[in-house]
Amino acid sequence: ITANKMFVLSIIYGIMNILSYVALRNISAGVFTICAQLKILTTATFSTLMLNRQYSWTKWRALISLMAGVLLFSEPIWNASDTFQMKGDANIILGVVAVLTEVTLSGFASIYFEKVIKTGVEQLNIWERNFQLALGSFPVYLMFIFYEGGGKVGYLGGWSWVTFSLAILGAAGGLLV
């Protein structure tokens, strides 16, 4: 039954990745960055709802201050003249809705994963749960890849040594976290 929970999480992560692509096709990276800061609050909110954690007003203010600090730090990005301009046939509302949905799913997925780890009847460690998640992700991502047919460039098209290196670094960073 826990493997099914990990499969559900795999599907959520797959949907989140698709929503990120939809968002970035329709809004600038600056707007995406601004909206992505809400992950802090959605994670804390789902932590309160799903794990019954209680945060003091001081902690909520600290979370909001952290979010505001990141926004202020990224001010040169979102204050650029082209940040809120439409890109060709882009739909800014669709992009913002996609990134906000992705942010909400991200907060939910983080807390859902924590809850599965802490309350699962099978006492598996974090590495075993991540392995379950990875195995559940393969069919989901293969389904997305085959559905798209590899896109305009075909399967594995557009990959270079730089892209491959960045993918490896991203995977290593995920393992490190």
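**Exercise 1.** Work out why H6 and H7 count as oblique to each other.

*Solution.* Start with the elements: H6 covers residues 92-119 and H7 covers residues 126-148. Helices here are DSSP runs of H or I with at least four residues, strands are E runs of at least two, and both are numbered from the N terminus. Next, the axes come within 11 Å and cross at roughly 125°. Axes are lines fitted to C-alpha atoms, for helices over the stretch in contact, with angles from 0 to 180 degrees between N-to-C directions. Now sort the angle: under 35 degrees is roughly parallel, over 145 roughly antiparallel, 65 to 115 roughly perpendicular, and the rest oblique.

A word on the model: it's predicted, so local features need pLDDT of at least 70, side-chain atom pairs need 80 or more, and totals for chains, interfaces and linings use all residues. Residues are numbered from 1 along each chain as its sequence is written, and side-chain values use heavy atoms, leaving out hydrogens and water.

**Exercise 2.** Find which residues of H6 and H7 meet.

*Solution.* Look for contacts, meaning heavy atoms within 4.5 Å. From H6, take Phe113, Val116 and Ile117; their partners in H7 are Ile126, Arg129 and Asn130. Sorted by type, the contact has four nonpolar residues, one polar and one charged. Nonpolar covers Ala, Val, Leu, Ile, Met, Phe, Trp, Tyr, Cys and Pro; charged covers Asp, Glu, Lys and Arg; the others, Gly among them, are polar.

**Exercise 3.** How many helices and strands does the protein have?

*Solution.* Count eight helices and zero strands. Reading from the N terminus gives α-α-α-α-α-α-α-α.
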